[in-house]
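Dear colleague,

Please find below the structure that I am handing over to you. My notes on it follow directly after.

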Amino acid sequence: MAVSGISGTNITGTLSNGSASVSQTLKDSQYNNFKDILKTAESNKNKKNYTGTTNLSSSQVSSGKRINGDYKQGFEGTFTSEKDKHAAPQGMAARAYYGKAQKPEIDKTSELYESAMEMENYLVKTMLSSMRSTVMKSNLIGQENSYARDMYEDMLYDNYAEQITKSSSFGLADQIYLELSGQR
């Protein structure tokens with residue numbers, strides 16, 4: 001039995017095991033992460049030298065937007081060559097401009113493109129998490145589910161999503177970049 005109405009949250013009664021409340025909390029967390037990425041991308045749209053370090057002391061920042069101890073590699077410095085500054089769109093973004101006279105250019109070295117890749121990474125990660133939840137796990141003797149195992153699996157799938165985003169050409173980051181840069 002779940003009662004809602006207190007600022008959008010669910011209160012779970014004693015008849016349920018609390019799974020609805022946990023599920024709603026996870027969805028809210030993912031939604032808030034998604035909103036934060038959108039806000040960052042929108043605020044970075046017109047800024048050239050964004051560092052993301054306004055609320056941190058200089059000893060906490062290792063380089064760029066990362067904090068010391070952050071395990072995630074990120075997309076900073078993924079594209080560095082001169083031809084990446086004038087790249088053609090790939091994947092879905094390229095198909096949207098197929099046959100049109102004016103072809104847009106993407107600066108893959110820009111921070112706006114890094115933010116667009118973060119957004120694509122978030123969506124790929126969500127897709128992988130959904131796929132992962134459908135896989136049945138067998139509990140071998142002495143290998144019950146543990147918090148540490150789940151945490152390291154999450155980190156593994158985060159890295160899978162990051163590598164898929166860096167190496168594949170879905171074109172979602174390209175579409176986001178074109179939309180936010182005003183070329184669409």
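In which helix does Met 131 lie? Met 131 belongs to helix α3, residues 111–133; helices (H or I, at least four residues) and strands (E, at least two) are DSSP runs, numbered from the N terminus.

This is a predicted model, in which local features need pLDDT of at least 70, side-chain atom pairs count only at pLDDT 80 or more, and totals for chains, interfaces and linings use all residues. Residues are numbered from 1 along each chain as its sequence is written, and side-chain values use heavy atoms, with hydrogens and water left out.

Surface

Met 131 has a relative accessible area of 47% and is therefore partly exposed (buried means under 20%, exposed over 50%, partly exposed in between, with a 1.4 Å probe and protein chains only). Together with Met 127 and Phe 170, Met 131 makes a nonpolar surface patch of about 280 Å². Such patches are made of residues with over 30% relative accessible area and no salt bridge, where nonpolar side chains (Val, Leu, Ile, Met, Phe, Trp, Tyr) are joined within 5 Å and like charges within 9 Å. A salt bridge is a side-chain nitrogen of Lys or Arg within 4 Å of a carboxyl oxygen of Asp or Glu.

Aromatic residues

The whole structure contains four aromatic pairs (rings of Phe, Tyr and Trp, the last by its six-membered ring, with centres within 6.5 Å; planes under 30 degrees apart are stacked, over 60 edge-to-face, the rest tilted). One of them is the edge-to-face pair of Phe 79 and Tyr 113, with 5.9 Å from centre to centre and 65° between the planes. This pair links distant parts of the chain, 34 residues apart: Phe 79 is in the loop between β4 (66–67) and α2 (91–96), and Tyr 113 is in helix α3. Phe 79 is partly exposed at 21% relative accessibility, whereas Tyr 113 is buried at 5%.

The pair of Tyr 157 and Tyr 160 is edge-to-face because the ring centres are 5.3 Å apart and the planes stand at 80°. Both residues lie in helix α4 (residues 147–167), three residues apart, about one turn of the helix.

Phe 79, Tyr 113 and Tyr 177 form one aromatic cluster.

Core

The largest nonpolar core has 17 residues, of which Tyr 113, Tyr 177 and Leu 178 touch the most other members. A nonpolar core is a set of buried Ala, Val, Leu, Ile, Met, Phe, Trp, Tyr and Cys residues joined through side-chain atoms within 4.5 Å. Helix α3 gives the largest share of this core, six residues.

With kind regards

Terms used
Accessible areas come from the Shrake-Rupley method with a 1.4 Å probe; for residues, only the protein chains shown count as cover.
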